[in-house]
Amino acid sequence: MNKQVLFIGGGGNGGYEADKKLADSLQQSLGKEYAVSYPEFKSDETASDYGWMVQIGNEISQTNTDLILAGHSFGASMILKYLSENIIANKIKGIFLASTPFWSGNEDWKQGFILQKNFAEKLPKDVPVFLYHCQDDEELPLEHLFLYAEKLPQATVRKIAIGGHQLNNDLSIVAKDIKSL
């Protein structure tokens, strides 16, 4: 049986299509012993989290094996939100997050994305967390990585020299870490 990887991509207009290249890169780099699932989420503009929490929960609940979670950008931040605010029946083997926004501020539109102050304490215990961020990310400053590294001192942090927000559409570094589990 293949090892299951659930990849949650970024949001926004064209986010699914843009991150399909990342999901494909991850599958290619992992090889046939892994199965990467990349569901397309529909945003519900009436929900404070655009309905992503329910959709992530549905995807996780459909897996009956140990699960590896990977995410990019908005999807990565929503994985953290989901895991820190819900009880997970599945065994999570690892969490791999790339170009993850650290949401803050008082704007109404952000409130459904912001993590609870004690979110790190509520993540599944003894699950390795890996954080990836390119120094030349044109959308998210490197400061976001440093904020997560401070809140998640147990995380393995990978600061990548070049690759932009999309990591040059190459998740081979993530695949290497997944295979190390």
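These notebook entries record what I looked up in a predicted model.

**Basis.** I number residues from 1 along each chain as its sequence is written, and my side-chain values use heavy atoms, without hydrogens and water. Local features need pLDDT of at least 70 and side-chain atom pairs count only at pLDDT 80 or more, whereas totals for chains, interfaces and linings use all residues.

**Tyr 148.** I located Tyr 148 in helix H5 (residues 143-151); helices are DSSP runs (H or I) of at least four residues and strands (E) of at least two, numbered from the N terminus. Tyr 148 counts as buried because its relative accessibility is 2% (buried is under 20% relative accessible area, with a 1.4 Å probe and protein chains only). I listed its contacts (heavy atoms within 4.5 Å) beyond four places in sequence, and they include Ser 77, Thr 100, Phe 102 and Leu 131.

**H2 and H3.** Helix H2 (residues 52-61) packs against helix H3 (residues 74-85) at about 75°, with the axes 10 Å apart. Axes are lines fitted to C-alpha atoms over the stretch in contact, and angles run from 0 to 180 degrees between N-to-C directions. H2 and H3 are therefore roughly perpendicular (65 to 115 degrees). Among the residues making the contact, I noted Trp 52 and Ile 56 of H2 and Phe 74 and Tyr 82 of H3.

**Largest cavity.** Which residues line the largest cavity? Among them I found Phe 7, His 72, Phe 96 and Val 174. A cavity is a set of points on a 1 Å grid over the protein atoms alone where a 1.4 Å probe fits but cannot get out, and lining residues have an atom within 4 Å of a point. Strand S3 (67-72) and strand S4 (92-98) each give two or more residues to this lining.

Technical notes. Buried < 20%, exposed > 50% of the residue type's maximum accessible area, 1.4 Å probe, protein only. Parallel < 35°, antiparallel > 145°, perpendicular 65-115°, else oblique. 1 Å grid on protein atoms, 1.4 Å probe; cavity = no way out; pocket = protein on both sides within 12 Å on 5 of 7 lines; lining within 4 Å.
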